[in-house]
Amino acid sequence: MATEQVIDREREEREVFAAVLRFYELAKRQEWQVRDLPWGELPPIPEGKGTPQRRARRKDMWRSVLTQQLQADMLACDMSSQLLNIAPDPEAKLYYSTMVQDESRHTEAWLKLIAEAGGTAERDPYLDELAHMTLEADTLEEKVFQMQVFYERLIISRFRLIARSSRGTVLEDLCNRLTTDDGIHHGAGMAYEKVLLRHADKKTKRRLVEAANRLLPTFVEHALWRPKERAFIGGAMRSRDIERLREDIEIGVRLAESLGLDVSDVELPVP
């Protein structure tokens, strides 16, 4: 009888990973290759109209957008590789093996697209800082929440916005693919975080919320940062950026609440 109880308990523990495994299978089915993009059939980025100066400025703006996305996916390679290495559960390791491949493929696509668009632009210093904070986070729960529950959820709307602004280009095609991939990353992160927090004590949950509070000021700086290539539209877009920033943080709060976290004292450092 004791042996049967042990077997039943082990089976129940493994069954909680069913959602993680579903995302593992979905990620494999959705896999695509960089060669699948419409290279040579469509322009890499919107070509713009008007004077040569106006077209050059618009091209620089798009190069800046591409650079920031390349930077984000290169950092995502580091973070997903870390999750693959430190996740103790075999089901999670299976999923993270696909996530590492995804982020590597995304990086390859951005590198090729940037080369066709004329090269990289200025790097976002706050994005580097955010990645460092996640890589140096103390617990697996913090890393999964920041990387997959928060960041991956927010980037989906960004990709949709970029795709709408770049109709008929390789960039649009790429962003549509990344929207699907990162939706899977976010869903898997939510599923695994629920597993991790099932038996987490109050101290672990409290540390997770405290880490989010430390991260938010830097996230605000990142969200409102504009490189010189996009400075000419920065002032005009600031009110919309702040509105979107508030929405992003509110989404993060709701996601945390859905995981059973007490976020009543989370500070919202929004201008």
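How do the residues of the lining of the largest pocket divide into nonpolar, polar and charged? They divide into 23 nonpolar, four polar and 11 charged. Ala, Val, Leu, Ile, Met, Phe, Trp, Tyr, Cys and Pro count as nonpolar; Asp, Glu, Lys and Arg count as charged; the others, Gly among them, count as polar.

This is a predicted model, where local features need pLDDT of at least 70 and side-chain atom pairs count only at pLDDT 80 or more, while totals for chains, interfaces and linings use all residues. Residues are numbered from 1 along each chain as its sequence is written, and side-chain values use heavy atoms, with hydrogens and water left out.

The protein averages a pLDDT (the predictor's confidence in each residue, from 0 to 100) of 90. Over residues 1–9, pLDDT stays under 50.

On a 1 Å grid over the protein atoms alone, a cavity is a set of points where a 1.4 Å probe fits but cannot get out. A pocket is an open set with protein on both sides within 12 Å along at least five of seven lines. Lining residues have an atom within 4 Å of a point. Points join across faces, edges and corners, and a volume is the space filled by probe spheres set on them.

| Largest pocket | About 1,000 Å³ | Q68, Q69, I155, R158 and I162 |

Helices are DSSP runs (H or I, at least four residues), numbered from the N terminus. Helix 3 gives the largest share of the pocket lining, 11 residues. Helix 8 gives the most to the cavity lining, with five residues. The cavity lining has 13 nonpolar residues, two polar and no charged.

Conventions:
Helices (H or I, at least four residues) and strands (E, at least two) are DSSP runs, numbered from the N terminus. Contact means heavy atoms within 4.5 Å.
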